[in-house]
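Hi everyone, thanks for coming. Let me put the structure up, and then I'll walk you through a few places in it.

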Amino acid sequence: MRNWHLGGTRAATMACDVLRATMLPLLVVASIIGGCSFNPLIAGELDKAALSKHFPEPYYVGERDAALPVWPLFRHNIPQSDDFIGYIFESIDLAPIAGYAGKPVNMLIAINPEGTFIGASVISHFEPIFNHGVSEDSLLRFVEQYRGLGLKQNIKVSASNSSGGQQATNSKFIDGVSKATVSVRIINETVLTASLKVARAKLKLGLGQDMGSAPTLKRDNGETVTDEILTSKNHLSKAVVNTADIDKLFGPSFPIDADVGAQFDPKAPATELWASYLSVPEIGRAVMGKANYDALMKEFRPTDHAILVATRGRYSLQSPAHRVGGVPDLLSITQSGLAINVNMAFVRYPPVTQVLPKDVTWTVLKVLSESGFDPSRPWQLVLTVNRQKSSSFPIRTSKDFPIDYRVPAEFFIPAPVELTGWQAVLSEQWPKISLTLSQLFFLTVLITNTRRLSANPKSFEAIRLAFLAVTLFGIGWWAQGQLSINNILGVINAAKSTGDFGFLLLDPVSTLLWVFVLISLVIWGRGTFCGWLCPFGALQEFAAIAGRRLKLPQLQVPYAVDRALRLTKYIILAAIIGMAFVSTPAAEKIAEVEPFKTAITLDFDRAWPYVLYGVAILVLSAFVFKGFCLYLCPLGAALALLGRVRVFNWIPRRKECGTPCQLCKARCSYGAIEPKGTIKYDECFQCMDCVVIYHDPKTCVAEVLARKGRTLKMPVPAGAQRKELRQAKTPEMVT
Amino acid sequence: MTQREAQHEAWLPSRRQVLIAGGLVGAVANVGAYLNAPKLKIAQRSGIAFGTTVSLKASHADAIQLNNALDAAWREIVRVEQAASLFRPESALSTLNRMGALVDPPETLVQLIAEALDVARLTCGAFDPTVQPLWRVYANAHAAGRTATDAEIASASALIGWQDIDVSSKRIQLARPGMALTLNGVAQGFATERCLAILKENGIENAFLNTGEIGVAGKRDDRSLWTAAIADPRHPGDYVAFAQPLSGILATSGDYATVWSSDFSHHHILDPKTHRSPPLTASVSVLAQSGSMADGLATAMMVMGPEKSLALARRLPGVAALIVTKAGEQFMTHGFPVT
């Protein structure tokens, strides 16, 4: 129990208030600055010389590509000419995906011309877990797994708690790192996104977007599709491009008189276009005729795609010299913004369907499966229109006119759902999420029903301890839901660098807790988290209980010293936030003040100085109740500042509280009750001790006296009050 | 006619010519052996351009001067690539092929087309930069795993005609819609010549450039000349000859570089008149002072056949040629610097 002096505290209180008054605006300003500077230039860190250090002789790094930030890698091969080994690049140039700390991981990646990883290594990262947490060796071992894997495989990180029995797909599973599942997932996404970009641009492998997860065509059911169905179900889609549409596209600089054909009859459609996805056998047979279709399909591998394209009008499939079967030069196919390479197919006979007029120009395009074309997703037929200013000095320009197509979904078997990103996390973590939700639910019930629950102080104490045990063992050690000042750093970093807050969804337990904490800050203040949901807080409370059971002396911190010490946590918070804008690693170093990573995330399995510090904090709590929370915790400081938005003074008080009764104040383990009786919500941990007293007619002094028909009288001189305070420890003495 | 290396897989190093000189490593070892020789610094720039590995190696006493010169030379490689690459959709040539006309073209492209047309004129159209549509027909058919049909070949051939390019510094116009150019038959030789000139302007005397075509200046070291090996068109890794040019550009074209049929009868070099790959010649190496001339002539001579080619080479001052036929015979003009 603490014995507070009343005198000589004003200066300390004022300093505390001034500090808090300045910190809050500082925090707000900081987050505004962070918020405004979304996406500043994120650029690679290494130049050619620095890259060369990673690839010593006989390798050497060539000149950067003119268009992409990739460097060719060669091997000296005297006496023959140098061998081209592959491309090297930094992932941050191509895929700046925010990591757990809100900043992108930067990887150095080398892939060979076949799209196989030569190697991958980490240039820089801000993942807190690998900084003095899980050993960085495990990160090295993780990235080493890429060597020899190919981009044509669907590389995934296997869940540490995976049930096994993975489906035999194109997927290749690499081992994750336990305790760092979120970080390695982000690293995998970074490596694949960056490498696929390079592969598409430089290797022309025609890689699809989501390999192994595309829907597949249903088997031919032999059904006959009539011309009516072809039209009504849009299996042979038609689009009309009007001269007016084209005019709009070109604008006033190339008006209609730049188009000789259009001038004759500007009202007539410029071009009619038809397209049909023939690889669906039912459609193909209906359009081409059975014998013709069967002959045509002999030219296609089962994985290739056949697309019929037909045109009628001024903008035809081809220039005037068009021949049946030729590769169109005015028409191309795109999907997801990427051009799809098409070849022509040789077709013996024209389409038989009556839906197509007889005077169309038509061709069948062959799209190789390597092109990455996914027929189940929408694609575009792009018509290129040329216009020429008719003058003595003709200038031509061309515009692309995309027309959307989509093969009806009824012809596809949906892909087996392979969850990615946060959905995968959700499906893996639902037990932990459920526990968190139920814990939050019980807490809400507890706090809103304190009156009823506190009727029996003994059972309330038991409920509280049980709840804290679940917080420590369930939320903390099992679900890894220890909120930390690092989370705030992550948000600041994300705002500063990528503006991508998607990483929050990768850790749903923490995100849920944060959402609840932010809401509870507004309603009840910071104590809801600190007193109930902080696993390390719970651990300290158990340490304190152990201390009392062992009859350890409880140290009494003099009031002035206590007040001054309480400022320390704000100074630590200011240092961390300030440093976050200068250097993230340094900020994370300071954030090691929190023993959370040591105690909760890593179960004390860490380098000895950290373990020593964490244990010391717990031992401290056995002597000074929750000393860390009161004096050092930067997260608590941040929540105290944010908690100033709290709208309710919900902890019940009487007019007698403080004047003269000091019982609750004396009983408060957190020193969160002012001598004048008011609750200092930003120091209150909502342990409910005072609420229990308030509702206990046998304990609350005012109640006891009221029952005896007496009231407490004021004022009491300062000296006397001190004396009375000591007496107030046992209500019997007062009565 | 000829269309060289029109789209060789972007990541394959060129095997057409193999540098055997041992160039720079040899130079390092030997330089110190000569007391009076200034200590030569050696530097290199390598990268991927023209769909192949390009490496520029040079030596000079002053390292800073050497590196500045090589940087300038590499910028020229990039400039030519951005003007004339068919691999890059954003290049000036790709834009010209898409649009049929190009206003305010880059100077490099104008000059390249002009030089390509010079070669076309000199070879009476055996070299023709307008074979690109025909090349596309063959390449697409090959990619689809079939042979090109007569109809396709005929329609693409109708778009061939080097006289139908209208080029000036203000604009380039292709006369007929659907026409397209390839400068792959001259661009590498052109770039090599430009780089040699830039190195020389910067005072660099010794250089060995491999852009797919070979350009040499000065010596490998005080005693020995640069040596280039000429690949055997039928036995990869073997050589039919070793050449030690004193200067200029050595360009080689062969039927083995991009093969569309296993008997080497269909490949990337096309005769603009017969619309087929030429039947007689397996490879041609041409040494000339002009890079685009060496490069373009090597292509043209693939098409012209050995007899006419040798006659042409003899007629042209400063041009030497080595021809290997499909039957394995070798013909050579006097000036060809075989060792």
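Let's begin with a term: a salt bridge is a side-chain nitrogen of Lys or Arg within 4 Å of a carboxyl oxygen of Asp or Glu. The idea behind it is that side chains of opposite charge can pair when their charged atoms come close.

Before I use it, some housekeeping. This is a predicted model, where local features need pLDDT of at least 70 and side-chain atom pairs count only at pLDDT 80 or more, while totals for chains, interfaces and linings use all residues. Residues are numbered from 1 along each chain as its sequence is written, chains are lettered from A and ligands numbered from 1 in the order in which they are written, and side-chain values use heavy atoms, with hydrogens and water left out.

Okay, so how many salt bridges are there over all chains? By that rule, the count is 26. I'll pick a few.

Take B:D150 and B:R276, whose side chains meet in a salt bridge at 3.7 Å, N to O. This pair links distant parts of the chain: B:D150 is in helix α6 (residues 150–157) of chain B, and B:R276 is in the loop between β11 (248–254) and β12 (281–288), 126 residues apart. When I say helix or strand, I mean DSSP runs numbered from the N terminus: helices are H or I with at least four residues, strands are E with at least two.

Are these two covered up or out in the open? We need cut-offs here: buried means under 20% relative accessible area, exposed over 50%, and partly exposed in between, with a 1.4 Å probe and protein chains only. B:D150 is exposed, at 57%, and B:R276 is partly exposed, at 33%.

Over in chain A, A:R654 and A:E703 also form a salt bridge, at 3.7 Å from N to O. A:R654 sits in the loop between α23 (634–642) and α24 (663–667), and A:E703 is in helix α26 (residues 701–707), so to speak a link between distant parts of the chain, 49 residues apart. A:R654 is partly exposed at 21%, and A:E703 is partly exposed at 28%.

Now a pair with another setting: A:D562 and A:R566, with their closest N and O atoms 2.8 Å apart in a salt bridge. Both lie in helix α18 (residues 559–580) of chain A, four residues apart, which is about one turn of the helix. Remember that an α-helix has 3.6 residues a turn, so residues three or four places apart point the same way. A:D562 is buried, with a relative accessible area of 0%, and A:R566 is buried too, at 1%.

One more on charges: A:K48, A:E63, B:R45 and B:D71 are linked in a network of salt bridges.

What about disulfides, meaning a pair of cysteine sulfur atoms within 2.5 Å? A search of the whole structure finds zero of them over all chains. Look at A:C668: its closest cysteine sulfur is in A:C687, 5.8 Å away, and that is too far for a bond. A:C668 counts as buried at 14%, while B:C124 is exposed at 60%.

Let's go to chain B's strands. Chain B has nine helices and 14 strands, and buried residues make up 64% of its 339 residues. Zoom in on strand β8 (residues 214–217): B:I214 and B:V216 are on one side, B:G215 and B:A217 are on the other, and all of them are buried, which leaves both faces covered.

Which strands does it pair with? By definition, two strands pair if DSSP finds at least two bridges between them. Strand β7 (residues 206–210) of chain B runs antiparallel to β8(B), joined by four bridges, and there B:F208 has B:V216 as its bridge partner. The two form a hairpin with three residues between them, and B:G212 in the turn has a positive phi of about 110°. β8(B) is also joined to β11(B) by three bridges, again antiparallel, with B:I214 opposite B:L250.

Last stop, back in chain A: helix α23(A) is mostly covered, since eight of its nine residues are buried. Among them are A:P634, A:L635 and A:G636.

That's my tour, so over to you for questions.

Notes: A disulfide is a pair of cysteine sulfur atoms within 2.5 Å.
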